[in-house]
Amino acid sequence: MNLDFSKNNGLIPVIIQNNDTQQVLMLGYMNEEALQKTQAENVVTFFSRSKNGLWTKGETSGNFLKVVSIKEDCDQDALLIQVISNGPTCHNGTTSCFVNDPKISFLNKLENIIENRISNPSSASYVASLYQKGINKIAQKVGEEAVELVIEAKDDNQHLFIGEAADLLFHYLILLQAKKLKLNDIEQELQNRMKLK
């Protein structure tokens, strides 16, 4: 990375984006020292213009931003940092500093709900009970749902077909969680395949 810090008095703008939902969380600034600290610790540190010094996001609130990736723009004078956040990003207690949060896809929301039900299991949760039965049972359930979808595909009942497709997708998301994967991982693989053709 060969960034140009000369354009804005030694600072570059940094867009912070949630790695899982792709939601833009905030905008901050970094000088070279803040970037080096961020890279060394894998936690986002900004240069605070009001405090005139380094400021690690979350040092007061505890809502740190764990770095997943750092990408420079085409002019090498701005950064996009994708993160995992462990709480609200904005000091107002909201997920994003931007008032009009972009719509997060329903599948990303559902993926987050499934992850939460696995991380915080309750006896009333179907997701938690299936997950606790192990990978073989989850994979078996995905197979059963796939067969049911194929059977419905041969008929002309769109309503039943949609229901079975939803069941398959839901259980597929549980299987991804069991394999410690996200939809983003599958999307990236598909994108990589397109580049090869």
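Q: Two strands pair if DSSP finds at least two bridges between them. In which sense do S5 and S6 pair, and over how many bridges?
A: S5 and S6 pair in the antiparallel sense, over seven bridges. Strands here are DSSP runs of E with at least two residues, helices are runs of H or I with at least four, and both are numbered from the N terminus.

Q: What sort of model is this, and how are residues numbered?
A: This is a predicted model, in which local features need pLDDT of at least 70 and side-chain atom pairs count only at pLDDT 80 or more, while totals for chains, interfaces and linings use all residues. Residues are numbered from 1 along each chain as its sequence is written, and side-chain values use heavy atoms, with hydrogens and water left out.

Q: Back to S6: which residue there is the bridge partner of glutamate 72?
A: Glutamate 72 has leucine 79 of S6 as its bridge partner.

Q: What is the strand order of the open sheet?
A: The open sheet has four strands in the order S2-S1-S6-S5, and the pairing is mixed. Strand S2 (24-30) and S5 are the edge strands with a single partner strand each, so one side of each has no neighbour in the sheet.

Q: By how many degrees are neighbouring strands turned?
A: On average, neighbouring strands of this sheet are turned by 25 degrees against each other, direction ignored. The axes are lines fitted to C-alpha atoms, and angles run from 0 to 180 degrees between N-to-C directions.

Q: Changing topic, how many salt bridges are there?
A: The structure has seven salt bridges (a side-chain nitrogen of Lys or Arg within 4 Å of a carboxyl oxygen of Asp or Glu). One of them joins lysine 7 and aspartate 77, at 2.9 Å from N to O.

Q: Which parts does that pair tie together?
A: Lysine 7 is in the segment before strand S1 (12-18) and aspartate 77 in the loop between strand S5 (65-72) and strand S6 (79-85), so the pair links parts that are 70 residues apart in sequence.

Q: Is lysine 7 buried or exposed, and what about aspartate 77?
A: Lysine 7 is exposed, at 54% relative accessibility, whereas aspartate 77 is buried, at 17%. Buried means under 20% relative accessible area, exposed over 50%, and partly exposed in between (1.4 Å probe, protein chains only).

Q: What about helix H6: where do arginine 193 and glutamate 189 sit in it?
A: Their side chains form a salt bridge (3.1 Å, N to O). Arginine 193 and glutamate 189 are four residues apart in helix H6 (residues 183-196), about one helical turn. Elsewhere, salt bridges with shared partners join Asp20, Glu115 and Lys182 into one network.
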